[in-house]
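Here is a set of exercises to work through with the model open beside you. Each one has a task, followed by a solution in steps.

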Amino acid sequence: MAPAFRLSLKAKVSDNMSHLMVDFAQERRMLQALKFLPVPSAPVIDLAESLVADNCVTLVWRMPDEDSKIDHYVLEYRRTNFEGPPRLKEDHPWMVVEGIRQTEYTLTGLKFDMKYMNFRVKACNKAVAGEFSEPVTLETPAFMFRLDASTSHQNLRVDDLSVEWDAMGGKVQDIKAREKDGKGRTASPVNSPARGTSSPKRMPSGRGGRDRFTAESYTVLGDTPIDGGEHYWEVRYEPDSKAFGVGVAYRSLGRFEQLGKTAASWCLHVNNWLQASFTAKHGNKAKALEAPVPDCLGVHCDFHQGLLSFYNARTKQLLHTFKAKFTQPLLPAFTVWCGSFQVTTGLQVPSSVRCLQKRGSATSSSNASLT
């Protein structure tokens, strides 16, 4: 505080020069008039009022004692796969949100690619910040999967959650080039780098390199089976794609079989080649859909209820619902010809989708011939 309150001292000397006095009465009065702000208390996070929904987190907290001097709050959060109190060391750093004026805040547009999130809050006044609240951990349930490159047709170039149709055979051509140079291994699909690897803790799809989709089945499957509960994911495809399909399939879908043309798969199919069409397919039967074709599709699967619904991902307009009795685990399934698409995972089932299903709207567009 010294630079801000320099003392202007006035020396006083007695008449006989025996005493020398320093008068700082004015400065003392100034210092005594100063009022220092207290350090704010640590907030208390209210778990009962906090909410995780629609890939958003609303966090609510309160101050243990009324404090009119609070200027703002600072919120920190990070992703984790560990339940309970935050660990000292995590793979992901704390993310910071500053300047919060209210005792609640909503984080929007999150991707829940881990099981939990840690949160903590501190209060600040004009002078100093207080201690952080006791950290809390909230569960962030969502459906996460990756594309299983070992199932993909050799004309599909799989890169994480993106797929592009390649007339030259994608990564298979790289193997042939290395073999020609004498640097590669055998041409067996078992040794092909296009096989890829499954996600950690994912269940293998049961398809080896020799059982990847082939011929005109330009298909790739997800690596995580659905055997219960509700799940939601979205896919955006290139509008210029000549053909595109999205849906689910049993593991037993044959390597030559196309989505929707057998009893082992259900899909929405967009065809832009020769004669444009937008159809729902299952068991080699198709139903033409009247709705405009969106550029981004949402897929909702309720395994136990036997419902597979497709939505316009932007407007949440229901496009079609299959009602079936699923007898085996399902895998997300995609097909594309002369085009590309990108999948978004780590999404929760949107509240609007849940409301539609509760009102029974999800079954209104079902076609008995396709179930």
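## Exercise 1: the chain as a whole

In this chain, 65% of the contacts with a separation of 6 or more are between residues 24 or more positions apart, where contact means heavy atoms within 4.5 Å. This is a predicted model, in which local features need pLDDT of at least 70 and side-chain atom pairs count only at pLDDT 80 or more, while totals for chains, interfaces and linings use all residues. Residues are numbered from 1 along each chain as its sequence is written, and side-chain values use heavy atoms, with hydrogens and water left out.

**Task.** Describe the confidence, secondary structure and burial of the chain.

**Solution.** 
- Step 1: begin with pLDDT, the predictor's confidence in each residue, from 0 to 100. Its mean over the chain is 85, and 80% of the residues reach 70 or more.
- Step 2: The pLDDT is below 50 over residues 205-210, a stretch with 23 contacts in the model beyond near neighbours in sequence. It is also below 50 over residues 361-369, where the model has 21 such contacts.
- Step 3: take the secondary structure, which comes to three helices and 24 strands. Helices (H or I, at least four residues) and strands (E, at least two) are DSSP runs, numbered from the N terminus.
- Step 4: finish with burial. Of the 371 residues, 44% count as buried; buried means under 20% relative accessible area, exposed over 50%, and partly exposed in between (1.4 Å probe, protein chains only).

## Exercise 2: aromatic rings

**Task.** Classify the pair formed by the rings of Tyr250 and Trp266, then look for other ring features.

**Solution.** 
- Step 1: set the rule. Rings of Phe, Tyr and Trp (its six-membered ring) pair if their centres lie within 6.5 Å; planes under 30 degrees apart count as stacked, over 60 as edge-to-face and the rest as tilted. The structure holds 15 aromatic pairs.
- Step 2: apply the rule. The ring centres of Tyr250 and Trp266 are 5.4 Å apart and the planes stand at 85°, so this pair is edge-to-face.
- Step 3: Tyr250 is in strand E16 (residues 243-250) and Trp266 in strand E17 (residues 265-271); they are 16 residues apart, and the pair links distant parts of the chain.
- Step 4: check burial. Tyr250 counts as buried because its relative accessibility is 6%, and Trp266 is buried too, at 3%.
- Step 5: One aromatic cluster is formed by Phe143, Phe145, Trp233, Tyr237, Phe244, Phe334 and Phe341.
- Step 6: look for charges over rings, which requires NZ of Lys or CZ of Arg within 6 Å of the ring centre and within 35 degrees of the ring normal. Arg120 lies over the face of Phe132, 4.2 Å from the ring centre. Lys242 has its charged end over the ring of Trp337, at 5.4 Å from the centre.

## Exercise 3: positive phi

**Solution.** 
- Step 1: recall the background. Most residues other than glycine have a negative phi.
- Step 2: Leu274 has a positive phi, near 65°. It lies in the loop between E17 and strand E18 (277-282) and is exposed, with a relative accessible area of 76%.
- Step 3: Lys316 also has a positive phi, near 60°, and sits in the loop between strand E21 (307-312) and strand E22 (318-323).
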